[in-house]
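Please consult the sequence and the three-dimensional structure together while reading this report.

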Amino acid sequence: MTSTPHLLADEVTVGYGRQVVLDRVTVRIDRGETVGLRGPSGCGKSTLVRVLALLHQPDQGRVSIDGTAVSAVRYAVPVALRTRVAALFQSPRAAADPRLSLTDLIAEPLRATRTPEAAVRERVTELADLVGLTADLRSRRPHAVSDGQLQRACLARALVHRPDYLLCDEATAMLDASTQAHVAAVIRDYQLAQQAGVLVISHDQTLLERWSDRIVDLAGTAPART
Amino acid sequence: MTTTESVPAPASARAATSRPLLAVDGLGVEFRLRDARVRAVTDLHLTVRAGELLAVVGESGCGKSVLAHALLGLLPGNATTTGHAVLHESDGEPVDLITCGQRQLARRVRGRLVGLVPQSPATALNPVRTGRRLLAETLRAHGRDRADADQLAVDVGLDPADLDRYPHELSGGMAQRLVTALALAPDPALLIADEPTTGLDRPLVDHTLDLLRRRCDNGAAVVLITHDLAAARRVADTVAVMYASRVVEHRDTDELFTAPTHPYASALLDALPDRAFRPVPGDPPMLTALPPGCAFAPRCPHRTDTCAHPPEPTPVAGGGTVACHHPIRTGANP
């Protein structure tokens with residue numbers, strides 16, 4: 001497999017109980033490209049993101065990062081490997097710890113990997129500026145900011161370790177048009193600068209066509225559930 | 001050709017019925033917090049006609065949902081409201097939703113005259129009752145047969161078998177469809193739908209929007225509160241764009257989307273992925289610290305010193321209103 005570095009879900013099968021959600025699904029995201037993923041509700045899009053983000057162990061098949069197969073999930077994956085992939089989810093309210101200020105929310109993954117505090121502060125400022133969070137907003141906790149502002153903080157947090165791959169699961173679905181365009185612009189700039197691979201999941205056909213280099217259909221790979 | 005009201009409503013082709021069902025006049029809502037006052041709705045004028053689908057759009061936190069709650073008297077105790085919102089029932093006395101009091105609202109208005117599809121269905125459903133029991137209760141209270149529950153479920157795109165589940169057994173999208181069915185059960189003259197398509201995939205979004213459209217075609221009125229501009233364009237007769245507690249532009253849907261006149265409306269449309277896909281520059285203001293003049297001025301490319309004074313809603317050629325000192329004029333206006 002000598003080719004562009006890529007994130008690969010290889011023949012992945014996942015089920016919850018008896019319900020098979022993903023049946024031998026293969027999806028590949030090259031560095032430097034944006035892949036759009038679409039499919040009906042319940043076809044396993046979010047499960048696929050969880051598998052690719054190393055949050056869920058597939059029943060069969062495997063995930064590999066730049067050709068290195070990963071057999072573990074979550075904290076069992078070495079830090080250097082798991083920080084290569086980051087994910088951004090639909091609901092920032094559900095994703096963000098309500099006790100942390102936005103600054104601490106962005107800084108947490110750096111502190112978890114024992115980054116020196118001065119470097120943490122520098123990186124957090126850099127990212128907060130990138131996503132357009134003012135100093136006033138950074139000091140607030142999630143309940144005191146809007147969904148759009150919180151999602152921008154979650155995006156900064158996702159980028160904090162400079163991941164090679166970013167997975168966006170309906171990350172702009174609950175945002176107004178302006179915030180959606182802003183989040184998408186930040187991600188596209190990052191993707192170009194870092195030559196990152198990006199996976200975008202959305203129900204919005206127009207958005208997928210505008211944002212992604214190619215679109216993958218997940219419908220048909222698994223029996224749809226309504 | 002001309003309308004006789006103080007604020008002319010957009011002359012919509014689709015909303016042919018001319019009788020105003022709801023007339024909101026100078027509505028204001030302010031919340032008192034420990035150390036601040038939040039103006040969530042300011043001097044708001046709107047009319048909704050029978051058979052009209054009005055979409056209220058704008059960034060999150062601009063006051064859209066507060067407007068919905070104010071019309072149903074559901075605001076918390078620290079809110080003060082001013083102004084009027086008169087609902088003209090076809091056979092009955094007009095009722096002012098702002099001043100009529102909780103008793104009238106509870107007995108006459110909520111559910112019967114004005115229905116609400118609330119924004120977060122998960123918190124709106126009684127967790128210890130199945131969907132079927134919730135629907136049966138509502139149907140019985142409004143003198144309808146509980147057997148209508150299955151048909152209502154089908155109408156909103158929910159499998160009737162799923163009615164026998166408890167709320168925690170429903171997905172977000174199923175719960176959304178259930179609260180829509182509950183709001184439709186009493187067949188209200190005016191339905192306020194606050195983000196009714198959250199959590200639904202594209203076919204179900206379209207299904208729900210078509211359902212709202214059909215209600216209007218049958219003579220009811222719908223206020224659709226949404227951040228989804230594509231949805232508004234698809235089904236609305238008129239669109240009101242809210243910014244920082246005010247309606248800045250209210251026009252016929254096609255006219256707004258082809259030739260927006262308020263700089264904010266124009267910038268918001270430019271953010272769409274099928275247009276420039278460019279965010280509105282700058283950040284929306286905090287509702288605790290609104291500038292005395294036009295709230296959009298700090299982000300506006302057309303601002304002048306005049307913008308320090310609040311702009312009044314003024315008529316636009318072709319119908320509708322815009323609240324701006326320097327509206328965008330387009331030569332190509334048909």
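This is a predicted model: local features need pLDDT of at least 70, side-chain atom pairs count only at pLDDT 80 or more; totals for chains, interfaces and linings use all residues.

Residues are numbered from 1 along each chain as its sequence is written, while chains are lettered from A and ligands numbered from 1 in the order in which they are written.

**Sheets of chain B**

Helices (H or I, at least four residues) and strands (E, at least two) are DSSP runs, numbered from the N terminus. Two strands pair if DSSP finds at least two bridges between them. Chain B contains an open sheet of eight strands with mixed pairing, in the order E6-E7-E8-E3-E9-E10-E12-E11. Strand E6 (114-117) and strand E11 (314-315) of chain B each have a single partner strand and stand at the edges, so one side of each lacks a neighbour in the sheet. Within this sheet, strand E9 (residues 238-243) and strand E10 (residues 246-252) of chain B run antiparallel and are joined by six bridges. B:Ala240 has B:His250 in E10(B) as its bridge partner.

A further open sheet of chain B has four strands, ordered E2-E1-E4-E5, and its pairing is antiparallel. Its edge strands, strand E2 (37-49) and strand E5 (95-96) of chain B, each pair on one side only. Strand E4 (residues 79-87) of chain B pairs with E5(B) over two bridges in the antiparallel sense, and B:Val86 stands opposite B:Asp96 in E5(B). Helix H1(B) packs on this sheet and touches strand E1 (20-32), E2 and E4 of chain B, with its direction at about 70° to that of E2(B). Eight bridges link the antiparallel strands E1(B) and E4(B); there, B:Val24 stands opposite B:Ala85 in E4(B).

Two residues are in contact if their C-beta atoms, placed from the backbone, lie within 7 Å. H1 (residues 64-71) of chain B also lies across strand E3 (53-57), E6, strand E7 (190-194), strand E8 (221-225) and E9 of chain B, running at about 145° to E7(B). Helix H10 (residues 263-270) of chain B lies across E9 and E10 of chain B, at about 100° to E9(B).

**Helix packing**

Two packed helices are described by the angle between their axes and the distance between the axes. Axes are lines fitted to C-alpha atoms, for helices over the stretch in contact, and angles run from 0 to 180 degrees between N-to-C directions. The table lists two helix pairs.

| Helix pair | Crossing angle | Axis distance |
|---|---|---|
| H5 (residues 148-156) and H6 (residues 172-184) of chain B | roughly 125° | within 9 Å |
| H4 (residues 102-112) and H7 of chain A | about 20° | 7 Å |

Angles under 35 degrees count as roughly parallel, over 145 as roughly antiparallel, 65 to 115 as roughly perpendicular and the rest as oblique. H5(B) is therefore oblique to H6(B). A crossing is left-handed if the near helix is turned anticlockwise from the far one by less than a right angle, and right-handed if clockwise; that of H5(B) and H6(B) is right-handed. H5(B) contributes B:Leu152, B:Ala153, B:Asp155 and B:Val156 to the contact, and H6(B) contributes B:Arg177, B:Thr180, B:Ala181 and B:Leu184. Ala, Val, Leu, Ile, Met, Phe, Trp, Tyr, Cys and Pro count as nonpolar, Asp, Glu, Lys and Arg as charged, and the others, Gly among them, as polar. By class, this contact has five nonpolar, one polar and two charged residues.

In chain A, H4(A) and H7(A) are roughly parallel to each other, and their crossing is right-handed. The contact is made by A:Leu102, A:Leu105, A:Ile106 and A:Pro109 of H4(A) with A:Ala153, A:Ala156 and A:Arg157 of H7(A). Its residues divide into six nonpolar, no polar and one charged.

A:Val216 belongs to strand E9 (residues 214-217) of chain A. A:Val216 is buried, with 20 other C-beta atoms within 10 Å (buried means 20 or more such atoms within 10 Å, exposed 12 or fewer, and partly exposed in between, with C-beta atoms placed from the backbone). Not counting residues up to four places away in sequence, A:Val216 touches A:Val27, A:Val35, A:Gly36 and A:Leu37. The C-alpha atoms of A:Val216 and A:Arg28 are separated by 9.8 Å, although these residues are 188 residues apart along the chain.

**Contact between the chains**

In the contact between the chains, 20 residues of chain A meet 18 residues of chain B. On the side of chain A that touches chain B, helix H7 (147-159), helix H8 (177-194) and helix H9 (205-211) of chain A are the elements giving two or more residues. H8(A) gives the most, with eight residues. The residues of this side of chain A divide into eight nonpolar, nine polar and three charged.
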